[in-house]
Amino acid sequence: MMKLRNKFFIAGGILIVSGAAISGAAFLAGAGQHYETAEYKTVDIAAENIRIMAEQHDIRVVKGDSIKLTYPEGDGMTFSGGLEGGTYIAEYKRKPEIFGLNFERTKNYMDIVLEVPEDFGGSIDIYTDMGDISCSSVSGSMITLNTDMGDIDTENTEGSLSISTGMGDVSCDSVSGETITLDTDLGDIEAEDADGNINARSSMGDVKIDLSGAKDDYTVNGIGSGSGTKKVTAETDLGDVNIGYMR
């Protein structure tokens, strides 16, 4: 994890301010709030590409027998989904608020889960404004994972990959694709057994990449033996950069 003292001071200050605002809102809402019982609902999908946009929820992408989207119903949120030109687009939003407060909440927190088959070859586009995203044993032509605040974890993923978080860590294990983009404004990036043309950037955090191939297979930050056909860029404004090779 990050060892720089300034980074923790800045992150701590942001969390304190955010926590105070959230606590204040929760206190105001508590008097009239009632809790619903959330239950999972599943939608079967037939589409070439998938796009999911959600508010304040963790999202998991996993391997399944077919394309299915499972989400909590009855937790103060509304769901809409439909096919648009070969792309299934789903939106998961908070219900309209009264005086800035939503009085329908659940006592249990439930993830949104997307299942895709092993041979899925389309694009997957996932976004949440606040929540973690994980992607495991999935392939696609282009996989985009984006959260404003949360960690992103991937493993055993094949296909061009674009990962971005405003505040959170990025962790990858056994990922390969023509292009792999890893980006965080405040957090660490760690990729193990990664292969492809890689661009990793953190504004404030450490960047550690263990490449699948040998040193001669890559040109790193413009430096290589001349035979390295795969380009790797790894940089941070405040932190350490470490590049390793698995062969």
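## A walk through the salt bridges, strands and core

R60 and D111 form a salt bridge, with their closest N and O atoms 3.3 Å apart. This pair ties together distant parts of the chain: R60 sits in strand β4 (residues 59-63), while D111 belongs to the loop between β8 (104-106) and β9 (112-116), 51 residues apart. R60 is partly exposed, at a relative accessible area of 34%. Before we go further, please keep in mind that this is a predicted model.

How many salt bridges are there by this rule? The count comes to nine. Another of them joins the side chains of K41 and E73, at 3.7 Å from N to O. Here too the link spans distant parts of the chain, with K41 in strand β2 (residues 39-44) and E73 in strand β5 (residues 68-73), 32 residues apart.

R247 lies in the segment after β18 (241-245), D217 in the loop between β15 and β16 (218-220), and the two are 30 residues apart.

R201 brings us to the strands. In β17 (residues 230-236), a strand that pairs with β14 in the parallel sense over five bridges, E235 is the bridge partner of R201. Strand β14 (residues 189-204) also pairs with strand β13 (residues 170-186), again in the parallel sense, over 13 bridges. To place the two side by side, look for T179, which stands opposite N197 in β14. A further parallel pairing connects β14 with strand β15 (residues 207-211) over five bridges, and there A191 stands opposite I209 in β15.

Which members of the largest nonpolar core touch the most other members? Among its 46 residues, they are L114, I126 and L182. Leaving aside residues up to four places away in sequence, I126 touches I52, I59, V61, L114, I133, T144, L145 and N146.

T147 lies in strand β11 (residues 133-149) and is buried, with a relative accessible area of 0%. A polar atom of the T147 side chain lies 3.3 Å from the backbone oxygen of T128. Beyond residues up to four places away in sequence, T147 touches T128, D129, M130, G131, I133, I152, S164, T165 and G166.

Finally, what about the cysteines? A disulfide is a covalent bond between the sulfur atoms of two cysteines. A search of the whole structure finds zero disulfides. Seen from C172, the closest cysteine sulfur is in C135, at 9.6 Å. C135 is buried, with a relative accessible area of 2%, and C172 is buried with 3%.

Terms used: Residues numbered from 1 in each chain as written. Predicted model: local features only at pLDDT ≥ 70, side-chain atom pairs only at ≥ 80, totals over all residues. Heavy atoms only, no water. Core = buried A, V, L, I, M, F, W, Y, C linked by side-chain atoms within 4.5 Å. Buried < 20%, exposed > 50% of the residue type's maximum accessible area, 1.4 Å probe, protein only. Contact = heavy atoms within 4.5 Å. Disulfide = S-S within 2.5 Å. Pairing = 2+ DSSP bridges. Helix = DSSP H or I, 4+ residues; strand = E, 2+ residues; numbered from the N terminus. Polar contact = N/O pair within 3.5 Å; in protein donor to acceptor, adjacent residues only side chain to side chain. Salt bridge = Lys/Arg side-chain N within 4 Å of Asp/Glu carboxyl O.
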